[in-house]
Amino acid sequence: MSQLLGKAVLLRCPAGTSFQDKGRPAGAQFGIPTSGAMDQKSFRWANHILHNSSNAVALEIAQPGLRIQFDQACLIALAGAQVGVSLNQTSLSNSTLISIAAGDLLEIGAFLTGSRLYLCIQGGFQVERYLGSGSDFESITSPYKRSTQEVLSYIPIPQSNSLGAKPKWETSWFESPEIEAYRGADWALLSSAQQELVRSTTFHLSKFSNRMGIQLEELVPNQLEDLPTNPVFPGTVQLTPSGKLIVLMRDAGVTGGYPRILHLTEEGQSKLAQKRVGNPIRFQLLDTITG
Amino acid sequence: MIPHYQILSPTFGELVWDHHPTDELLGFQLAYLTYIQSNFSDALAEARQGFTRISLVWKNPKNQQDFLAQLKDLKLPPMQLSNAIWQVPVCYDPEYGQDLNSLSESKNLSLKELIQLHSEPVYRIYFFGFLPGFFYLNGLSSLLHTPRKSVPLLAVPPGSVAIGSSQTGIYPMQSPGGWHIIGRSPLTFFDSKQPIPVWAKPGEQIQFVPISAAQFQNWNKPYPKLLRK
């Protein structure tokens, strides 16, 4: 089987590059984080235009500078952040769907808007799955991060295609500051003044942001006590005793003891995943019944 | 102990118990969790358990409404919790428990008393969280409750047995941690090479068995013995 697979060499792999898919919800019972693509919306779309299974493994790229060379033909799709892309040192005007020939060198340049790019490949990257997922996480996958000179496996196609359809990825959906959220399990512990503060404040992303969580700058002062440890999810917003809000993301632990004041929709999580340090956000509260 | 259900989104909600965590409550939680997993398996996307809640993620809004309609008439008896005890060897030696001496001083206990207070009780496993394979245990003597360190350690070694606030636990892998480290176990607590990466389940019990540094160094079994009563 392995000699039939295509090989793609990561000639340059910036920090923060990882394999991701829909995630590993079956792991929560053992304390394993959900993981998976931070921006599920972009990940899903790129797999969709390739006619991939919805759980095909993609590369999540969070920094410019990735260089990857393919030894056989394949079809790839890019979604998420808007980035500069060149193929064999020629820059591409539409890099959403790219037909790759044997020996092609793909380079990812500057991130123009957004924070995370998904490189999906027809058939998905061929990786070992654990509990139904190929998403990288320390102590689950080995290695747990991608590095320069690593060789990735994929299913090649007989020859590169001239493409019929020319889909174009749009990023306007993640550019507004409004992030949709439901009231969290512990929302009622907040005073009405604190609730109003959460609703009306324009928060900004702090530099303490990674795949585990995104901490916000502005404070919501509170005297709330720690609660019994209970479940949290990607999208749960915790309020810490210092007043900081932490939006838990895909690699967060599965339980926590801070009050859970909001829960972001999946669209809200995807949008937030594309924001950068210093970007403003406002929470738009949804009603549980009509939402 | 009949829970109520808090709807949090059209496809997400929690079973809520307004009780302190006890073995009795855990018995009810496990009864509800097992019932839901076997009767709503096609509708349920995910279930997560904590000390006083069970979070349920549904595949679609109708699944949640159907569950809610059936929950009204559901009165489950608690699940009988196991009497079996996993024997977890721990070397309580300052070489492996870097905070052992400072904790015994601050508690005004001798090392022997501290070790006895920690290794005498039988602890109940409530659920896994914080890190892959990390048990949340109930049963720590109130004499050993200790606020977490103000400055967490960057790299707590795997197998470290520690106390934080009213909890005791074992770090399955190297991790930053703010708990006071009092010893180390030679066992494997998480192994993703196995189809099921942990050897114990919520509702089961563990007991810490003191071993010497020599025993620790020569320990060659990755899993504990199960003592059946």
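At 4% relative accessibility, Ser175(B) counts as buried, because buried means under 20% relative accessible area. The model on display is predicted. Now display what surrounds Ser175(B): leaving aside neighbours within four places in sequence, Ser175(B) is in contact with Phe130(B), Leu131(B), Leu153(B), Leu154(B), Ala155(B) and Val156(B).

## Chain B as a whole

Next, colour chain B by secondary structure. Chain B has 5 helices and 14 strands. Its C-alpha atoms fill a box of roughly 60 × 35 × 35 Å, taken along the principal axes. Of the 229 residues in chain B, 55% are buried. Consider also the contacts in chain B between residues at least 6 apart in sequence: 64% of them join residues at least 24 apart.

In soluble globular proteins, nonpolar side chains tend to be buried together. To see this model's largest nonpolar core, select Val88(B), Phe135(B), Ile170(B), Trp199(B), Ile206(B) and Phe208(B), which touch the most other members among its 49 residues. Strand β6 of chain B, residues 123–128, gives the most to this core, with 5 residues.

Which residues does Phe135(B) touch, not counting those up to four places away in sequence? They are Ile125(B), Phe127(B), Phe128(B), Ile170(B), Phe189(B), Trp199(B), Ala200(B) and Ile206(B). A second, separate core has 39 residues, and Cys120(A), Phe203(A), Leu216(A) and Val247(A) are included in it.

Select helix α3 of chain B, residues 100–107, where Leu100(B), Leu103(B) and Ser104(B) are buried. Why do these residues lie on the same side of α3(B)? They cover an arc of only 100° around the axis, which puts them on the same side of the helix. An α-helix has 3.6 residues a turn, so residues three or four places apart point the same way. On the face of α3(B) turned away from its buried side, look for the exposed residues Glu105(B) and Ser106(B). The cover over the buried residues of α3(B) includes α4 (111–119), β9 (160–164) and β12 (180–184) of chain B. Just after α3(B), Asn108(B) takes a positive phi of about 55°.

Continue to α4(B), in which Leu114(B), Ile115(B), Leu117(B), His118(B) and Ser119(B) are buried. What covers them includes α3, β6, β9, β10 (167–170), β12 and β13 of chain B.

## Loops with particular features

Select Lys201(B), in the loop between β12 and β13 (205–210) of chain B. Is Lys201(B) buried or exposed? At 54% relative accessibility, Lys201(B) counts as exposed, because the cut-off for exposed is over 50%. Draw a distance from the C-alpha of Lys201(B) to that of Ser41(B): the two residues are 160 apart in sequence and 20 Å apart in space.

In the loop between β9 and β10 of chain B, find Ser165(B). Ser165(B) is not a glycine, yet has a positive phi of about 60°. This serine is partly exposed, with a relative accessible area of 28%.

Now turn to chain A and the loop between β8 (105–121) and β9 (151–154), where Pro143(A) is found. The peptide bond from Ser142(A) to Pro143(A) is cis, with omega near -5°. Leu131(A) is found in the loop between β8 and β9 of chain A. Phi of Leu131(A) is near 50°, a positive value in a residue other than glycine. With a relative accessible area of 25%, Leu131(A) is partly exposed.

## The cavity and a pocket

Rolling a probe the size of a water molecule over the atoms shows where empty space is left. The structure holds 1 cavity of 30 Å³ or more, and about 70 Å³ of space lies in the largest cavity. To locate the largest cavity, select some of its lining, including Gly184(A), Phe233(A), His263(A), Leu8(B) and Phe12(B). The largest share of this lining, 3 residues, comes from β17(A). The lining divides into 7 nonpolar, 3 polar and 2 charged residues.

Finish at the second largest pocket, with a volume of about 880 Å³. Its lining has 28 residues, and those nearest its centre are Arg250(A), Glu266(A), Thr11(B), Ala45(B) and Val57(B). Elements that give two or more residues to this lining include α1 (40–49) of chain A and β3 (44–49) of chain B. By kind, the lining residues of this pocket are 11 nonpolar, 10 polar and 7 charged.

Notes
Residues are numbered from 1 along each chain as its sequence is written. Chains are lettered from A and ligands numbered from 1 in the order in which they are written. This is a predicted model: local features need pLDDT of at least 70, side-chain atom pairs count only at pLDDT 80 or more; totals for chains, interfaces and linings use all residues. Side-chain values use heavy atoms; hydrogens and water are left out. On a 1 Å grid over the protein atoms alone, a cavity is a set of points where a 1.4 Å probe fits but cannot get out, and a pocket is an open set with protein on both sides within 12 Å along at least five of seven lines; lining residues have an atom within 4 Å of a point. Grid points are joined across faces, edges and corners, and a volume is the space filled by probe spheres set on the points. Helices (H or I, at least four residues) and strands (E, at least two) are DSSP runs, numbered from the N terminus. Ala, Val, Leu, Ile, Met, Phe, Trp, Tyr, Cys and Pro count as nonpolar, Asp, Glu, Lys and Arg as charged, and the others, Gly among them, as polar. A nonpolar core is a set of buried Ala, Val, Leu, Ile, Met, Phe, Trp, Tyr and Cys residues joined through side-chain atoms within 4.5 Å. Buried means under 20% relative accessible area, exposed over 50%, partly exposed in between (1.4 Å probe, protein chains only). Contact means heavy atoms within 4.5 Å. The arc is that of the directions from the helix axis to the C-beta atoms.
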